[in-house]
Amino acid sequence: MQIKIQFKSIRQRLLVVLCISIGCVLLPGSVFLYVKASKDLSAVHYERLQTLRDLRVTEINSWIARMSDDVRIIAGTPEVRAKSTFLSAGGHGRDGDWDDLRRIFNSYFQFRNFYFEFFIVSTSSGKVVFSTSQDSIGDDRSSNVYLAGAMRKRDVFVSDIYYSKNLNLPTMTASIPVDPPHGAMKEPRAVLVARVYLERSLYSLLLDRTGLGRTGEVILINKDQVAVNKLKSENVLPLTLTLRDEAATRALSGQTGVVEVTDYRGRRVSAAYGYIPSMNWGIIVKQDRDEITGPLVFTAFSIAIFFALLMGAIVLVSLRVSYSLAGPLESFSRVARRILGGDYYERIDIDRSDEIGDLAASFNGVADSIVSQLRVEKVSSDIIEVIVSTIDLHEFSRKVIGKVMEVTESNIAAFYVLSEDEREFRHFNSIGLDAQYSESFHAGRLEGEFGRALSTREITVTRDLDENSLVLLKTVLGNVLPREIITFPIIVHNMSAAVISLASLKGYPAETVRILEHIRPVMNTAYSNILAIEKTRRLADELKDKNFQLESKKEALELQTVELKRHADRVKQQNFEMEIQKAKVEEASKLKSEFLSNMSHELRTPLNSVLALSKVLILQAGDRLTEEENDYVRIISRNGEKLLMLINDILDLSKIEAGKIYLHPKKISIRGTLGMIVENLEQMAEEKKIRIVLSCRADLPEIVSDESRVYQILQNIIGNAVKFTEEGSVSISASVDDERLRIAVEDTGIGIDEADLPHIFEEFRQLDGTLARKYEGTGLGLAIAVKSAELISATISVESEKGKGSRFEVIFPLVWTPRRDALEHTAPGPYPRSADAASPSGVEEPFYDTSHGPRKGGQPGGGTLLYGDTPGGETPSIVVIEDDPDNMTTIRAVLKDGYRIFEAVDGRSGMELVQRHLPELVLLDIALPGISGFTVIKELKSNALTRHIPVIALTALSMKGDRERILRAGCDDYLAKPYNIEELTDKIAHWTGAQG
């Protein structure tokens, strides 16, 4: 049976049909939305819990790592290593030792407020030998887990959280064995322990419930499933609650996930669980289900209300639609009557897509067109009135852009004028434009919206601006991005003379462009008149200024005359001051040279004894000393050589900077030089287990240069490559091109950081300048190399990457011609006055240390015959004039077995000994008390009785010109301290005629 419903009106029919239709769609949709919202909420909540769990795990691991790094750094401190080992071995610390340790630990208390106490435990006694808390010193901690754990692990041992009876609160510790200092015992004698204040660190971190709502919390459980941190419930203390739920069991088994369980309060919660392997801890991040599902109840209630409101809206819409069928005709009639009555802004309010809607839109369009045309005419008339009423450029720019902004409803307006040189448009006036965007723009580049307007000379509209636009409106709420920009040029004499730019936050209607097109001809003409008026006014002002300048010219000339006289007086005073400064600079240079000369003498004199006597011990007492004592002597010799190398480097660098290095070019075999350097470095390379690869052509040409500088440059660069290479190889290659010799040195060493590359050739610059650096050196090698390269027209370049190695390239000219003032001019002398025996640095380099020996008899200055005193025998006699007892002992130790030695400690007694004994040779120190060595040699060479006796100068004077000056004074030979004892004995044998 079919039920028919009769409707009395279209309104009723629409109401019933729409309600039934919408109800059939909305009811299932609401149920679906509720179910989907429930699932989405659970998924989002689970993801948030897992994210918070992972964040807490990361924070806990970072905290443990930071604590481990702290104790590792403290334990590695030299002071802590030395003093901990000393105190643990039973030593009694001094106040200074306690203060040093407290200072180190207090610095960590200052920056890490979560440390409660630092103390050091002896591994042998198990007692606390030092603590930042005085009450703990002497306590027996041998049974504590942190002592055995650190010794077993031999690294940082972090204990689990436990309840400390001493502190009466939960705590944990981080401990590490303290390695003894270098050279001490191998086994650690002490353990450093840091006690952690959990309230300020871990507990504070876990109590942060951000993102967990009002019911969420984080629980940390140990391997016994005991909660080790504070919980939200104040009745549950740390280390008192055992958790047996599924989340705790899975967390300690190393699993990760989310599960719904009943917590220790008996409430259903969602728990994200995880595992921290480094501490065998489980972590649980949980939140009550009631708090999670709360939004779902609100969602269901909201859907019900929305459904009711929608049904009410449907009823209203149905009623509205019924009226819409008969209403349009009445609206057409009413609006037509209003427009005929002069109300041009009345419109038909119909928004439909059918024929009635099209008719209403067409009717309204006709009315809008009429209104727009009337408005354009009215607005254009207002703007033109403002334009023609101004005759000043400033007034024109201000009034015109103000009026244009008003009628176009713009938010920004800017006025730019073409500069006199026609190169750029300069900002002249603006309203609403931020000052930082009011810059000028180039007239010829045609960039952006300005360029398009200038190129077309038409009005341009820029729409849909993005966030990268530089045009911003400054408001009380901050900078706002406009939506559209209109730009139009003002044309004068067929060229763009000015530009006006407008910007709006809401966009421009089409009639805005029509208004601007309507007023442009009038604006162009008005602006042309203003420019003409401005030009006339400017010419008048210039004429007035020139008249004023002519009137004031006489006075200016008089003032210039006075100023010139005053300036001449100042120049004269400045010249006088410059002469004084020049004298001061010359005096400072003289004092520097004297200081280096004195320093060389004072350092070389004692170093001579150290080097020579250590060599004597190595040569003569090797069988009488134990192997350990021989090692001590070799260490003395080796460190003496290092000290001498440092002295020579400093003197070399000073000579180069002062321009006091003598250069003498000659043919050099680079292949031979490289071979000699590689041979000298092979032992070091073998000790480091690296290879030195030398690749040179057999026909590599010789070069003409200064041999000592070339050797010094290559020695420093190749030596550095070997020193800073721990594994791999050092490769050396040579090639020739374009009258230049290229030598490349590549290594697989530590490399150089890019930030350090510009500074590696500076004096005293080292990759690691700390006292704990791994590589020794003074930082002078590369500085000397690059300065030496400049002297001989060579260049040094470097390429390096940190951790991968470096590549140095040295380029020598095949033939180098030095300047006249760089050549070395020395008069030829008897053997061994040649410079060939000198090291590449230009100073004789000793290679052996000496040590002090006791005087065997005689009095100072008494001229007593010491060793080999056989008057009338065949043994050659030597008079030694030396005021330093250590150097005298050195010479005596070297010569006692083959010569008769007469000693004198000053020049006067030395001359008496020479005249009395007429020896075969005189060894003379130049720097003597009373009478200097120069006076002694002058007296000896002027005396016919002693003139024939050869004199060798043994002196620490090794600065520029010292050798030549001493030889010119009359000495037959020269040897700089500290000297090589083989070279000394060779020179003595040569001059005495003895067999070496």
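**Reading burial, patches and salt bridges**

Reply: Met-684, with a relative accessibility of 35%, counts as partly exposed. This residue lies in helix H13. Please keep in mind that the model is predicted.

Me: Which residue is 38 residues away from Met-684 in sequence and 7.7 Å away in space?

Reply: That residue is Val-722, the distance being taken from C-alpha to C-alpha.

Me: Which residues form a nonpolar patch on the surface?

Reply: Phe-301, Ile-305 and Leu-309 do, with about 310 Å² of accessible area together. Ile-305 is located in helix H7, residues 289-340, and is partly exposed at a relative accessible area of 36%.

Me: How is one to judge whether a helix is enclosed, and why is H16 described as largely enclosed?

Reply: One counts its buried residues, where buried means under 20% relative accessible area. In H16, residues 885-895, nine of the 11 residues are buried, so the rest of the structure largely encloses this helix. Among them are Met-888, Ile-891, Arg-892 and Leu-895. At the start of H16, a side-chain oxygen of Asp-884 comes within 3.0 Å of the backbone nitrogen of Asn-887. Helix H15, residues 781-791, is also largely enclosed, because eight of its 11 residues are buried; Leu-782, Ile-784 and Val-786 are included. After H15 comes Ser-793, with a positive phi near 60°.

Me: How many salt bridges does a search of the whole structure find?

Reply: The search finds 36. Glu-59 and Arg-56 meet through their side chains at 3.6 Å, N to O. Both are in helix H1, residues 10-76, three residues apart, about one turn of the helix. Glu-59 is partly exposed at 27% relative accessibility, whereas Arg-56 is buried at 3%.

Me: Which salt bridge links distant parts of the chain?

Reply: Glu-707 and Lys-666 form a salt bridge, their closest N and O atoms being 2.8 Å apart. This pair, 41 residues apart, connects helix H14 (residues 707-723), which holds Glu-707, with strand E19 (residues 665-668), which holds Lys-666. Glu-707 is partly exposed at 35% relative accessibility, and Lys-666 is partly exposed at 36% relative accessible area.

Me: Which residues are linked in a network of salt bridges?

Reply: Glu-217, Asp-263, Arg-265, Arg-267, Lys-286 and Asp-288 are linked in this way.

Notes. Residues numbered from 1 in each chain as written. Predicted model: local features only at pLDDT ≥ 70, side-chain atom pairs only at ≥ 80, totals over all residues. Heavy atoms only, no water. Buried < 20%, exposed > 50% of the residue type's maximum accessible area, 1.4 Å probe, protein only. Helix = DSSP H or I, 4+ residues; strand = E, 2+ residues; numbered from the N terminus. Polar contact = N/O pair within 3.5 Å; in protein donor to acceptor, adjacent residues only side chain to side chain. Patch = residues over 30% accessible without salt bridge, like charges linked within 9 Å, V, L, I, M, F, W, Y side chains within 5 Å. Areas by Shrake-Rupley, 256 points an atom, 1.4 Å probe, with all protein chains shown as cover. Salt bridge = Lys/Arg side-chain N within 4 Å of Asp/Glu carboxyl O.
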